[in-house]
Amino acid sequence: MKFGCSLEMINMRITEPGYTNKLTKKYWIELFKFASAVGFKGVELPYNPYTNDGIAFNMTRSGMPINKYAVNTKYGSVNSFMEILADVGIEQITGVHISAQDSLLELITTGQDPRKVFEKFEAAAEEAIGFLEEVDGKGLVISPTPELGLLHHLMGSKGENWEPSFLSKAADTINKIGKMASKSGVQASIKNEFWSLVRGNQLDRFMDELDSQHIFYSPDLAHLSIANENPVEVVKKYHDKLNFIRFSDTRFVDLEDNYKKPNPEIPKVGAQRVFCDLGDGKVDLQGVYHALTDTSYDGWVICESKKTLNVYKALLKMRWYIDNKLLKS
């Protein structure tokens, strides 16, 4: 079992004090240094090929290696980027994460038909796979549907049951992406979110529609917990389909059905933070770790303190938790 970390712990969607510092190449190189210093030799990158959405534009023009264009612009080339990582002690890009939410936002921003989301998403996946080939990354982690609240706003009408057809199209698209990835030596896997159409136990039906030869599963523990699923039992159930497991944490209880609303990670009432730093929440991380060791899991565990308030402190806390609460448990 290998422990890496995800750069998605950096919240690029808020303009907090010091936000402009996040747009600099220096910030990201220092971040890689800190990740390496605490013992993370593998990192996962978010991948967003778009620039029209305001958030995507800001990330693309920053030093954040969010797509090939950003890497070439800020680091000179993919090779130069990989040399910088090696120089600071990062040995591997484990993979990238792509989300159908980004494809939908691109369509909305450019005034296109949101029903073209799967066509757009497949093209994004193809670009991400090409990037993975260049950086020798092996994992394509896929969030298969956009946010449920946004979809209901765009797709749903009173009395129209559009969800089964939408999920069927999503499954067809994921299967195409899985075959494409496999041809390039990349393993595709889906990631669950509490706000998507593939939430909680709805994952089971969706997995039944996927090509078991080409599609694996990257469970996100915090998202499972918020959707009232037991992460330990889910990991046991899918023990032979796991890869790039997401160790994340939360104390959040979705009492207001926030998963049905736009911007579900920003609650309008109650606790304002959905996620917390790894080890500070209620997710049974040790139980999941034991379930993985019992089945001799030898893949990557991607650690993430989602939307942390202090990135450097969170990195230290993650490493401490791994060394003192997981490995010694």
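User: Hi! What should I know about the numbering and the model?

Analyst: Residues are numbered from 1 along each chain as its sequence is written, and side-chain values use heavy atoms, with hydrogens and water left out. The model is predicted, so local features need pLDDT of at least 70 and side-chain atom pairs count only at pLDDT 80 or more, while totals for chains, interfaces and linings use all residues.

User: Great. At what angle do α1 and α13 cross?

Analyst: Roughly 20 degrees, and the axes of α1 (residues 25–37) and α13 (residues 311–326) come within 10 Å. That makes α1 roughly parallel to α13 (angles under 35 degrees count as roughly parallel). Helices here are DSSP runs of H or I with at least four residues, numbered from the N terminus. Axes are lines fitted to C-alpha atoms over the stretch in contact, and angles run from 0 to 180 degrees between N-to-C directions.

User: Which residues make the contact?

Analyst: Tyr-27, Leu-31, Phe-34 and Ala-35 of α1 meet Val-311, Tyr-312 and Leu-315 of α13, where contact means heavy atoms within 4.5 Å. The contact has 7 nonpolar residues, no polar and no charged. Ala, Val, Leu, Ile, Met, Phe, Trp, Tyr, Cys and Pro count as nonpolar, Asp, Glu, Lys and Arg as charged, and the others, Gly among them, as polar.

User: New topic: which elements give two or more residues to the lining of the largest cavity?

Analyst: The lining residues include Gly-200, Asp-204, Tyr-217 and Lys-237, and the elements are α9 and α11 (231–237). A cavity is a set of points on a 1 Å grid over the protein atoms alone where a 1.4 Å probe fits but cannot get out, and lining residues have an atom within 4 Å of a point.

User: And its lining by class?

Analyst: The largest cavity is lined by 4 nonpolar, 2 polar and 3 charged residues.

Notes. Angles under 35 degrees count as roughly parallel, over 145 as roughly antiparallel, 65 to 115 as roughly perpendicular and the rest as oblique. On a 1 Å grid over the protein atoms alone, a cavity is a set of points where a 1.4 Å probe fits but cannot get out, and a pocket is an open set with protein on both sides within 12 Å along at least five of seven lines; lining residues have an atom within 4 Å of a point.
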